[in-house]
Amino acid sequence: MVVDDEQSLADLVASYLRRDGFEVTVTGDGAEAVTLARSVDPDVIVLDLGLPGLDGVEVCRRIRAHSDAYVVMLTARTDEVDTLIGLSVGADDYMTKPFSPRELMARIQAMLRRPRGPVTGYDDDVAAAGSAGSSPVDARLRRIGDLTIDVAGREVSVDGRAVALTRTEFDLLAALSRDPGVVFTRSQLIERVWGPNWVGDDHLVDVHVAHLRRKLGDEATRGRYVRTVRGVGYRMGPGR
């Protein structure tokens with residue numbers, strides 16, 4: 001679904017998507033986009049931040065209440081605060097206008113190649129745990145202190161309280177927790193979560209880590225669940 005009140009741009013993006021084999025719904029109205037997202041159930045939403053009336057931030061917030069579609073936010077504003085606000089309500093990526101439609105297509109294709117089931121390596125984890133006598137249910141759960149990650153079920157809880165994460169936030173947490181003792185650079189996390197063909201600013205990782213920490217009740221200075229390793233990247237914290 002393409003949501004942009006600039007008709008010529010919306011039509012251009014839609015034409016590229018259709019050429020790549022997508023079925024496309026186009027609207028320039030935020031309120032209509034929220035309604036359409038329920039009926040169309042899109043896989044990807046290309047959403048303009050500066051919509052009149054109901055802006056892109058509010059549209060994304062409302063859509064996130066019932067949809068886990070990938071959201072790419074488009075913005076004509078270069079102010080970083082606007083971009084971070086958009087991502088804080090569940091956008092997976094952003095692009096600043098003017099942008100290359102080919103780059104947008106590359107990012108969308110990279111998103112859709114990401115697995116929606118267990119993360120890569122899950123079967124190996126189960127096999128290893130099974131050989132030690134653990135049940136498959138135990139094998140699929142990763143525990144770091146009060147944090148529990150159900151990899152196969154894509155569910156997360158802290159101290160028994162369910163935590164609602166976006167697709168990207170879950171994938172990021174799953175990537176970090178698979179090797180909790182390893183420090184990952186931004187580039188390594190980009191490759192694991194967004195895919196090797198993703199193009200863009202790798203500081204996008206920092207934004208999603210910040211949102212992940214907020215939802216887990218973590219603090220950057222403490223690093224209980226996600227710890228910053230200065231000059232390198234991120235790793236799982238000790239859970240306490």
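A residue is called buried when its relative accessible area is under 20%, exposed when that value is over 50%, and partly exposed in between. The coordinates come from a predicted model. Under this cut-off Glu169 is buried, because its relative accessible area is 3%. Glu169 forms a salt bridge with Lys215, and their closest N and O atoms are 2.8 Å apart. Lys215 is partly exposed, with a relative accessible area of 23%.

The whole structure holds 14 salt bridges. Another of them joins Asp93 to Arg107, with the closest N and O atoms 3.0 Å apart. This pair also links distant parts of the chain, since Asp93 sits in strand β5 and Arg107 in helix α5, 14 residues apart. Asp93 is buried, at a relative accessible area of 1%. Arg107 counts as buried too, because its relative accessibility is 6%.

A further salt bridge is found between the side chains of Lys97 and Glu6, at 3.9 Å from N to O. Lys97 lies in the loop between β5 (93–96) and α5 (101–112), and Glu6 in the loop between β1 (2–3) and α1 (7–19); the two are 91 residues apart and link distant parts of the chain. Which of the two classes, buried or partly exposed, applies to Glu6? With a relative accessible area of 39%, Glu6 is partly exposed. Lys97, at 17% relative accessibility, counts as buried. Shared partners connect salt bridges into one network made up of Asp4, Glu6, Asp48 and Lys97.

The strands come next. Five strands form an open sheet in the order β2-β1-β3-β4-β5, and the pairing is parallel. The edges are taken by β2 (26–27) and β5, each of which has a single partner strand, so one side of each lacks a neighbour in the sheet. Inside the sheet, strand β3 (residues 44–48) and strand β4 (residues 70–75) run parallel and are joined by five bridges. Ile45 stands opposite Val71 in β4.

In general, a pair of aromatic rings is described by the distance of the centres and the angle of the planes. How many aromatic pairs are counted here? The count is zero. The charged end of Arg19 sits over the ring of Tyr16, at 4.5 Å from the ring centre. Likewise, the ring of Tyr70 has the charged end of Arg167 over it, 4.8 Å from its centre.

The last topic is confidence. The protein chain has a mean pLDDT of 84, and 86% of its residues reach 70 or more.

Methods: Residues are numbered from 1 along each chain as its sequence is written. This is a predicted model: local features need pLDDT of at least 70, side-chain atom pairs count only at pLDDT 80 or more; totals for chains, interfaces and linings use all residues. Side-chain values use heavy atoms; hydrogens and water are left out. A salt bridge is a side-chain nitrogen of Lys or Arg within 4 Å of a carboxyl oxygen of Asp or Glu. Helices (H or I, at least four residues) and strands (E, at least two) are DSSP runs, numbered from the N terminus. Buried means under 20% relative accessible area, exposed over 50%, partly exposed in between (1.4 Å probe, protein chains only). pLDDT is the predictor's confidence in each residue, from 0 to 100. Two strands pair if DSSP finds at least two bridges between them. Rings of Phe, Tyr and Trp (its six-membered ring) pair if their centres lie within 6.5 Å; planes under 30 degrees apart count as stacked, over 60 as edge-to-face and the rest as tilted. A charge sits over a ring if NZ of Lys or CZ of Arg is within 6 Å of the ring centre and within 35 degrees of the ring normal.
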